[in-house]
Amino acid sequence: MTSTALAFEWTETNRMWLIENPIRIAAYVVAGLLVRFFAHRVIDRATRRPGDAGAGDPSASPALIRHLRDRTPKALRDPKVVERRQQRAETIGSVLKSCVSIVLLLWVVLSILSVVGVNIAPFIASAGVVGLAIGFGAQNLVKDFVSGVFMLLEDQYGVGDVVDLGEASGEVESVGLRVTTIRDVDGTVWYVRNGEIVRVGNMSQDYAVARVEIPVAPNTDIDLAQRVALTAAQDAVSAAPTSTSVLGEPEMLGVQEVSASMITLRMLIKTQPNAQWAVARVVRKKVLEAYDGNGIVMPALAGAVGAGGPGGTE
């Protein structure tokens, strides 16, 4: 047999390994890369604000979250609101990209193994067992990620919100799929796993309420104390810069608590998110000044006067 005939026979015998299988493998790889490319392009377009392309309303929500629950403040053109929506969409888009890449990689690998004649049934069974073992071993990690995804979808809180997560409360500094970072009033940074959060109290969504409680002596004229406090609060919230943080007029609810030593009056003021504490401090100061000017005595001072002062007799 000549060398030429031998070469033709060897090529014909091994055609599957020399031509067909490489072409099929290359086709699977190219198909996987193309699907990944177009899927990522679609996700990028869905996570981009309409205004980022140079046209449209830059305050509009990205398409990915446009139909999801949105609890951000109603001031839709607020730059903080727009940025928060964009971060939320980008985070969800990153998760979707990772999922697409992992699924396509597994598909390409299994397809190549099938092409080369490897029985993939044991691999699938083994993958199921390994996945089950990993699921049991890393169930807390999975729980954190799942909770983080739902937290983003439901927009429970975002960067800059003041929240109460049970064990820790403060301002949210970063939001991740596994961990949320908040800083409390003392400056301590808390790293809270999303899977451990069973409730969220968000004090920064839509609006806030400043609760002002004012104690007065038991023998005080309650009607007079309420009128003076309400007038002082109205003057306080109408003056700059406090007026920019207030959304409604002060509301005097009346007597909140009665005891042998004091009577507590409660007043509510609707404010911008995160402004309730500053507004309450300003109102308290004005009310105290008004009480002093109208001769309304506070509980501690009333007790001291009744006892004859610090040096009084019993």
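A: The account below begins with the pocket and then turns to other sites and to the chain as a whole. The model is predicted.

The second largest pocket has a volume of about 230 Å³. Its lining consists of Val162, Ser169, Gly170, Glu171, Arg183, Asp184, Val185, Met203 and Trp277. Strand E2, which covers residues 169-175, supplies the largest share of the lining, with 3 residues.

One of the lining residues, Trp277, leads on to another local feature. Helix H7 spans residues 276-293, and the loop between strand E8 (263-271) and this helix holds Asn274. The phi angle of Asn274 is near 70°, which is a positive value in a residue other than glycine.

The peptide bond that joins Ala240 to Pro241 is cis, with omega at about 0°.

A further site lies in helix H3, residues 79-115, where Ser111 is found. Ser111 has a relative accessible area of 11% and is therefore buried, since the cut-off for that class is under 20%. Along the chain, Ser111 and Arg24 are 87 residues apart, yet a distance of 9.2 Å separates their C-alpha atoms.

These sites belong to a protein chain with 8 helices and 8 strands. Of its 314 residues, 28% are buried. Among the contacts with a separation of 6 or more, 61% are between residues 24 or more positions apart. The chain exposes about 19300 Å², and carbon and sulfur atoms supply 60% of this area.

The pLDDT of the chain averages 78, and 73% of the residues score at least 70. Among the elements, strand E8 has the highest mean pLDDT, 93, whereas helix H8 (residues 299-306) has the lowest, 53. Over residues 302-314 the pLDDT is below 50, and this stretch has 5 contacts in the model beyond near neighbours in sequence.

Notes: Residues numbered from 1 in each chain as written. Predicted model: local features only at pLDDT ≥ 70, side-chain atom pairs only at ≥ 80, totals over all residues. Heavy atoms only, no water. Helix = DSSP H or I, 4+ residues; strand = E, 2+ residues; numbered from the N terminus. 1 Å grid on protein atoms, 1.4 Å probe; cavity = no way out; pocket = protein on both sides within 12 Å on 5 of 7 lines; lining within 4 Å. Points joined across faces, edges and corners; volume = space filled by probe spheres on them. pLDDT = per-residue confidence, 0-100. Contact = heavy atoms within 4.5 Å. Buried < 20%, exposed > 50% of the residue type's maximum accessible area, 1.4 Å probe, protein only. Areas by Shrake-Rupley, 256 points an atom, 1.4 Å probe, with all protein chains shown as cover.
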